[in-house]
Amino acid sequence: MLILVLTMLSAHGASMRLRQIEVFRAVMMTGSASAAARWLNVSQPVVSRVIQHTEAQLGFALFERIGGRLSPTPEACALFAQVKRAYGEIERVDALAANLRRGASGLLRVAATPSLATHLLPGALQRLRAIHPEVVYDVWAVHTRQIEDGLMAFEIDAGLAIDPVAQVTTQLSPIAGGEIVLVAPRAWTSGVLRLAERDWLDGRPYIALAEETPLGQRLAQAMSAASWEPAAAMRVQTYALAATLVTQGLGFAFVDSFTAAGLDPAHVLRLPIAPSIACELKLMRAAGTTSSVLVTQLVESLRLAIAAQGDALAGATRLVLG
């Protein structure tokens, strides 16, 4: 990490030494050499000499002396932005080391697609934090391609997606099965006697999902086979956004059952479809890696969260596509 800090803060062929970085940071944060000296527990002349030597070494001024205070130059501000980022990483390493000393696994970095990150992952993390409250959890809501990139770069430990495409750089493990569900504003159902028949949706705004994914393609094929091609009032890229728009009463959409189960039934009607279109939640890991204890426990927590959601769609009427 220290090598990284020094590399990031090189300029004009001259790298700042760690002590110079510490003194520079102290002056930037306190605004004067005397305050920086008190913070570092050194004398004020020591701070002044280090700053002067650093400026001579770098070949440009870091501060202007105005009214007894040190005013940073634009170059100093640019360097300080890098210093803050570097020290932030050091603090994260310190936190991880502290967790490891306490016997915890330390850090779990998990990325999930937006709908899973919104509707399923929070419940699983709540269960996991009850077991490991001392662990630091880094959580991302990103698309599947970004999860793959993060795994390849070893920036994340695990990814969660629905039916991700197999890649040589990732390995996939099933977590739970689900299905596609129609969701629509609850207010639309007033006076509807046969929810299983799709004619009550005629003329209603349709929120279409992108068909580039395998699941989107299967849905499009099923609707085409049923000779049902509702005109799209909106097109979206994620189940999470589709669900939000439905909740706001802007249209009906098809989402995965994990997303549907997290919606408020008082405002959103949730109907599985017939014939059913299956989907599967999968764990994504970098190829050749094994699951840590934390990742294994995350999977178990996800399964418990899904089991708790299971009753949400039990016995629900199925919308017949054909």
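D163 is found in the loop between β7 and β8 (170–185). Helices (H or I, at least four residues) and strands (E, at least two) are DSSP runs, numbered from the N terminus. This is a predicted model, in which local features need pLDDT of at least 70, side-chain atom pairs count only at pLDDT 80 or more, and totals for chains, interfaces and linings use all residues. Residues are numbered from 1 along each chain as its sequence is written, and side-chain values use heavy atoms, with hydrogens and water left out.

Phi of D163 is near 50°, a positive value in a residue other than glycine. F154 also has a positive phi, near 60°. F154 lies in the loop between α8 (144–152) and β7 (158–162). Most residues other than glycine have a negative phi, and most peptide bonds are trans.

Is each residue buried or exposed? D163 counts as buried, because its relative accessibility is 16%. F154 is exposed, with a relative accessible area of 54%. Buried means under 20% relative accessible area, exposed over 50%, and partly exposed in between (1.4 Å probe, protein chains only).

## A cis peptide bond

The peptide bond from A274 to P275 is cis, with omega near 0°. P275 sits in the loop between β12 (268–274) and β13 (278–286).

## Where two helices cross

The axes of helix α3 (residues 33–40) and helix α4 (residues 44–58) come within 8 Å and cross at roughly 110°. So α3 is roughly perpendicular to α4 (a term for angles of 65 to 115 degrees; under 35 is roughly parallel, over 145 roughly antiparallel, the rest oblique). Axes are lines fitted to C-alpha atoms, for helices over the stretch in contact, and angles run from 0 to 180 degrees between N-to-C directions.

Which residues make the contact? On α3 they are A33, S34, A36 and A37; on α4 they are Q44, V47 and S48. Contact means heavy atoms within 4.5 Å.

## M223 and its partners

M223 belongs to helix α9 (residues 214–225). M223 counts as buried, because its relative accessibility is 6%. Leaving aside neighbours within four places in sequence, M223 is in contact with Y206, W228, P230 and F254. The C-alpha atoms of M223 and G322 are separated by 8.0 Å, though the two are 99 residues apart along the chain.

## The whole chain

The protein chain has 12 helices and 14 strands. Buried residues make up 46% of its 322 residues. Of the contacts with a separation of 6 or more, 75% join residues 24 or more positions apart.
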